[in-house]
Amino acid sequence: MSTRAEPLDDFYSVIPAGGVGSRLWPLSRADAPKFLHDLTGSGQTLLKDTWDRLAPLSGDQRIMVVTGRAHRAAVEAQLPDLVDENVVLESEPRDSTAAIGLAAAILERREPGVIIGSFAADHVISGAALFRSAVSDAVAAARAGYIATIGITPTEPAVGFGYIECGSELQVEGASRVEQVRSFVEKPDLDTARRYVDGGSHLWNAGMFIAKASTLLDEIARNKPDLHAGLVELAEAWDDTSTRGPAVDRIWPKLEKIAIDYSVAEPAADAGRLVVVRGHFQWDDVGDFASLAKLNSSGRSGELAILGEGARVLADASSGIVVSRSKRVISLIGVQDIVVVDTPDALLVTTSEHAQRVKAVVDALRLGGSGDVL
């Protein structure tokens, strides 16, 4: 197992910083998405935490951030070492294949043969040395021509995560353990998730992909040729400021919206081109307030997690989470697994059991014309 801290010479980190995190509404909004919040009490945003994990692997001059135009100022304020040419702005969200694929196409033109790794801007990870070791093993697999992902050993039958079914172990030079991916499956129902956990051959999908940029682009071309053609055309125009804008305006809105799980991971797994490295670090995608409550109470049930500077909370025999962004006094008496999120213009009250349903509230507000609170 490698514990190297010096940057990998042929490696470039990519951080897709998009999405709103609608299951964390009303804390996470379009103008202040999840990755721009401190959700762990660390004193810095999830985006900055992500940067700090990746800089030792690739060097801070070799980290590219793909984000929306509206978030450029906030991203650059969080990441003062981010190189201007490594800021890739989306005119509108087109899902992860477009974001990661464009980064791959740009970097392959700049540095043919480069290996890239894509890491979400809004996940929580602890265990820096274990994380670096897993990424180093994945980079070794990428050098061997594979598309690699990093899987997390499940601690419970979670239905909010995708799963990776592991196959036989492969011998890859420079890596301690790499396994073939037998299948790459989306969020299961509870009974299926229980079978996966009990069987021991499934890992959580942590949404990390490491490959040669050319290998990743070849996979997109194989499965989504029109999308690939658009990304390559964009990359050809990208580094010339006189051609970039017109190309983005012409091409970007027409790109297919599809997650990289469907355009790359699933077909690559079916064809034997996807491998997985087991990550032994702690990981959470903080997908809803139930996971946020668990994260901030160290996984202990029966406790009340409180987030918010100067939060005024009085609690008696209560558990769950309170997130306060107002100066109101919040009193809880005898309620269990409660979720209270108090902001100046919106209040959410639910329970941990129903935390995944917050997205439906966001959808209803959007359909009802209440976009001012989204």
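This is a predicted model: local features need pLDDT of at least 70, side-chain atom pairs count only at pLDDT 80 or more; totals for chains, interfaces and linings use all residues.
**View 1. Residues 318-365, the span that UniProt lists as "domain: MannoseP isomerase/GMP-like beta-helix" in an unreviewed entry.**

**View 2. The packing of helix α7, residues 225-238, with helix α8, residues 241-251.** The axes of the two helices come within 8 Å and cross at roughly 160°; because this angle is over 145 degrees, α7 is roughly antiparallel to α8. The crossing in which α7 passes α8 is left-handed. On the α7 side the contact is made by Gly230, Glu233, Leu234, Ala237 and Trp238, while α8 contributes Thr243, Arg244, Ala247, Val248, Arg250 and Ile251. Divided by class, the residues of this contact of α7 with α8 comprise six nonpolar, two polar and three charged.

**View 3. The packing of helix α6, residues 213-223, with α7.** Here the axes of α6 and α7 are 5 Å apart and the helices pack at an angle of about 135°, which makes α6 oblique to α7. From α6, the residues Leu217, Ile220, Ala221 and Asn223 meet Pro225, Leu227, His228 and Leu231 of α7. The contact of α6 with α7 has six nonpolar and two polar residues, with no charged residues, whereas three charged residues are counted in the contact of α7 with α8.

How values were computed
Residues are numbered from 1 along each chain as its sequence is written. Side-chain values use heavy atoms; hydrogens and water are left out. UniProt positions are given in the numbering used here, feature names are shortened, and annotations may be inferred rather than shown by experiment. Axes are lines fitted to C-alpha atoms, for helices over the stretch in contact, and angles run from 0 to 180 degrees between N-to-C directions. Helices (H or I, at least four residues) and strands (E, at least two) are DSSP runs, numbered from the N terminus. Angles under 35 degrees count as roughly parallel, over 145 as roughly antiparallel, 65 to 115 as roughly perpendicular and the rest as oblique. A crossing is left-handed if the near helix is turned anticlockwise from the far one by less than a right angle, and right-handed if clockwise. Contact means heavy atoms within 4.5 Å. Ala, Val, Leu, Ile, Met, Phe, Trp, Tyr, Cys and Pro count as nonpolar, Asp, Glu, Lys and Arg as charged, and the others, Gly among them, as polar.
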